[in-house]
Amino acid sequence: MREQLQRIAGEAMAMINEVQDMKALEELRVLFLGKKGKLTGILKGMGALSAEERPVVGQIANDVRNKLEDEISRIKGKLARKIREEKMKRETLDVSIPGTVIPRGRKHPLTLVLDEMKEVFLGMGYDIAEGPEVELDYYNFEALNIPKNHPARDEQDSFYINDKVVLRSQTSPVQVRVMEQKKPPIKIICPGRVYRSDAVDATHSPVFNQIEGLVVDKGITMGDLIGTLQIFAKSLFGENTKIRLRPHHFQFTEPSAEVDVSCWACGGKGCRVCKNEGWIEILGAGMVHPKVLENCGIDPKIYNGFAFGIGLERTAMGRFNIDDLRLFYENDMRFLKQF
Ligand code: PHE
C-alpha cells in the first residue's frame with residue numbers, strides 16, 4: 001500500500017507540474033483528491049491493514065495529500081499570475097507609438113467669404129432662406145416678370161431639363177418662393193449655386209454662386225437699399241470702400257441698378273485689377289417691381305421693397321485678391337492651403 005501511495009504521489013506530482021490551465025488543474029485535483037479520487041480510493045482500503053500498520057500508512061497518506069494540496073495551490077498561483085500577465089500584456093497601451101495623423105481640413109475661401117457675408121446680414125436682422133437649384137421656369141423667369149420669348153431670357157440662357165424645368169440661372173426665384181409663403185415684413189438673404197451656359201474663363205463659370213437679398217415692408221426706399229449695400233461693402237472690403245450705382249434694367253426691379261465697389265486693389269485710382277476703371281461691378285439691385293409683388297399675392301399699393309443679387313465669386317476674388325475664378329473650383333491644395 002505504501003508503494004501504491006508513493007506511486008500515486010509521483011504520478012500526481014508529474015501531472016500537476018505539466019498542467020497549463022486552471023480547468024485541467026481542477027480536473028487533476030478531483031482525479032486524485034476528490035471523493036472518488038485515487039488517493040481516497042486507497043484510504044478506503046486501509047481497513048484491511050493490521051493495527052500497527054494503519055497509523056503508519058495513515059500518516060504517509062496524509063503527507064501525500066498535504067504535498068499534493070500544496071503543489072496544486074502553488075501551481076494555481078503560478079497559473080493565476082500567468083493569466084494576469086497575459087491580460088496586462090494584451091491591455092498595455094504604448095503611449096509612445098506615434099498616432100495616425102489626421103490631416104486637418106479648412107474652410108474653402110468661398111465658404112469663408114459666404115460666412116462673413118452671412119454675419120453682416122444676420123447682424124442687420126436678415127433671415128437665411130433656401131430654394132431649389134433645379135427650378136421651375138415659372139419661378140426662375142415668369143413670376144419675375146420675364147415672360148416666354150422675352151429677350152431678357154437670352155442674358156441668362158440656362159440649362160433646360162424640359163419646357164417647364166431649368167437649372168436656376170439666378171437666386172431671384174427664391175424671392176418669389178419666400179413671398180408666396182410669408183407676408184411682409186420680409187428680410188431674407190438666400191445664398192446658392194446658379195447655372196448659365198457661359199464658357200469658362202478667368203471671370204466666368206457655368207456654375208457659380210449668388211447671394212440674393214430681399215426686403216419687403218411698408219415705406220421702403222432706395223435710400224434703405226443704398227445704406228444696406230454700403231454697410232455690406234465696407235464690412236467686406238474695408239471702411240474706405242465706396243459704392244456706385246449705375247442705372248440698369250432688370251425685369252423684376254424698377255428702378256434697377258448695377259452696383260460697383262471702389263477697387264479693392266487701388267482704392268479707386270485705377271489699376272490692372274479694375275482695368276483702370278477704379279470700380280468693380282459686384283451686384284445687381286433695385287426696387288421690387290410691383291408686378292412681382294402682385295404675382296406673389298402682396299399688394300403693391302401697401303408694400304414695397306428692394307432686392308439685390310451679389311456674386312459670391314466676385315466678392316471672394318476681391319476679398320482675397322484672387323485674379324482667376326477657376327482657382328476656386330480646381331481644388332489645388334497649394335491654393336486652398338493659403339486660407
Ligand atoms: N438676379 C440678377 C442677376 O442674376 C441680380 C439681381 C437680383 C438684380 C436682385 C436685381 C435684384 O443678374
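Student: How many residues line the largest pocket, and which of them lie nearest its centre?
Tutor: The lining has 38 residues, and Gln156, Arg196, Phe208, Gln210 and Glu281 lie nearest the centre. This is a predicted model.

Student: What makes a residue count as part of that lining?
Tutor: A lining residue has an atom within 4 Å of a grid point of the pocket. For the largest pocket, 38 residues meet that condition, so they are counted as its lining.

Student: What is the volume of the largest pocket, and which element gives the most to its lining?
Tutor: Its volume is about 850 Å³. Strand β8 gives the most residues to the lining, with 6. The elements that each supply at least two are β5, β6 (243-250), β7 (253-262), β8, β9 and α10 (312-320).

Student: How is that lining divided by class?
Tutor: It has 13 nonpolar, 17 polar and 8 charged residues.

Student: Why is the ligand said to take up the space of the largest pocket?
Tutor: A molecule sits in a pocket if more than half of its atoms lie within 2 Å of the grid points of that pocket. The space taken by the ligand is the largest pocket, so the ligand is said to sit there.

Student: Which residues are closest to the ligand, and what makes a residue part of its surroundings?
Tutor: The cut-off is a heavy atom within 4 Å of the molecule. By that rule 15 residues surround the ligand, the closest being Gln170, Ser172, Arg196, Gln210 and Glu212. This shell divides into 5 nonpolar, 8 polar and 2 charged residues.

Student: Which strands supply the shell around the ligand?
Tutor: At least two residues each come from β5 (207-217), β8 (279-288) and β9 (304-311). Strand β9 gives the most, with 3 residues.

Student: What distances are found for serine 172 and glutamine 210?
Tutor: An N or O atom in the side chain of serine 172 is 2.9 Å from a nitrogen atom of the ligand. For glutamine 210, a polar side-chain atom lies 2.8 Å from an oxygen atom of the ligand.

Student: How much of the ligand does the protein bury?
Tutor: The ligand taken alone exposes 320 Å², and the protein buries 93% of that.

Student: What is the volume of the second largest pocket, and which residues are closest to its centre?
Tutor: The volume is about 460 Å³. Of its 15 lining residues, Thr203, Val273, Cys274, Lys275 and Met317 are the closest to the centre. Both β8 and α10 give two or more residues to this lining.

Student: Where are the prolines that follow a cis peptide bond?
Tutor: Proline 185 is in the loop between α7 (173-181) and β4 (186-195); the cis bond from proline 184 to proline 185 has omega near 5°. Proline 255 is in strand β7, and omega is about -5° for the cis bond joining glutamate 254 to proline 255.

Definitions and conventions: Residues numbered from 1 in each chain as written. Predicted model: local features only at pLDDT ≥ 70, side-chain atom pairs only at ≥ 80, totals over all residues. Heavy atoms only, no water. Polar contact = N/O pair within 3.5 Å; in protein donor to acceptor, adjacent residues only side chain to side chain. Areas by Shrake-Rupley, 256 points an atom, 1.4 Å probe, with all protein chains shown as cover. 1 Å grid on protein atoms, 1.4 Å probe; cavity = no way out; pocket = protein on both sides within 12 Å on 5 of 7 lines; lining within 4 Å. Helix = DSSP H or I, 4+ residues; strand = E, 2+ residues; numbered from the N terminus. Nonpolar A, V, L, I, M, F, W, Y, C, P; charged D, E, K, R; others polar. Points joined across faces, edges and corners; volume = space filled by probe spheres on them.
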